[in-house]
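Please open the model in your viewer and keep the selection tool at hand.

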Amino acid sequence: MPARNLTLACRTPQETAAFGAALADLLEPGDTLLLSGDLGTGKSHLARSLIRAHIGAAEDVPSPTFTLVQTYDTPAFEIWHADLYRLGSVQEVEELGLTEAFDTAVCLIEWPDRLGTLVPENALSIGLQPGPDDDTRQLTLAWRDARWDGKLSKWR
């Protein structure tokens, strides 16, 4: 299937968080989100918003920069939030157990370029780029799997 794209503008951090919370409602086990962008573009902010939508806004959701992976049990499914920035090889990704989680959990992957050939074919890529001011972000969504067509229809 040919790749599909969608570009969204978030004018404030609150709009980015609202997008993450709305997207959270559409996810199910086996969904993988690949979050890419430079340092400080909001990858962790988006992931945190999505996770809090499932476990409660008051929950502490730290960045997995040093732990590499944080897991969260929700009533519906398990969420894996991974930051692969410090990894140097695909073998290290496999050692984290991510490839198994791709099938059974919702996975949020920061720095997905470190996955190499392990990128799930059904993943949704979300690229975050700064906008014209400090708070604005442009989100570019890309996917090949037809199931994302329906899930993302409210933004098309």
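This is a predicted model: local features need pLDDT of at least 70, side-chain atom pairs count only at pLDDT 80 or more; totals for chains, interfaces and linings use all residues.

Select Tyr85 first: at 39% relative accessibility it counts as partly exposed, the class between buried (under 20% relative accessible area) and exposed (over 50%), with a 1.4 Å probe and protein chains only. Residues are numbered from 1 along each chain as its sequence is written, and side-chain values use heavy atoms, with hydrogens and water left out.

A search of the whole structure finds 2 aromatic pairs, where rings of Phe, Tyr and Trp (its six-membered ring) pair if their centres lie within 6.5 Å, and planes under 30 degrees apart count as stacked, over 60 as edge-to-face and the rest as tilted. The rings of Tyr85 and Trp111 have centres 4.8 Å apart and planes at 55°, so this pair is tilted. The pair links distant parts of the chain, 26 residues apart: Tyr85 lies in the loop between β4 (78-83) and α3 (90-95), and Trp111 in the loop between β5 (106-110) and β6. Helices (H or I, at least four residues) and strands (E, at least two) are DSSP runs, numbered from the N terminus.

The buried residues of α1, among them Phe19 and Leu23, pack against β1 (4-10), β2 (32-36), α2 (43-55), β6 (124-130) and β7 (137-143).

Phe19 and Leu23 lead on to the largest nonpolar core, of 29 residues, where they are among those that touch the most other members, together with Leu33, Leu124, Ile126 and Leu141. Such a core is a set of buried Ala, Val, Leu, Ile, Met, Phe, Trp, Tyr and Cys residues joined through side-chain atoms within 4.5 Å. Centre on Leu124, whose contacts (heavy atoms within 4.5 Å) include Leu23, Leu33, Leu141 and Trp148, not counting residues up to four places away in sequence. Apart from this core lies another, of 18 residues, including Trp80 and Ile109.

Finally, show the whole chain, which has 5 helices and 7 strands, and in which buried residues make up 47% of the 156 residues.
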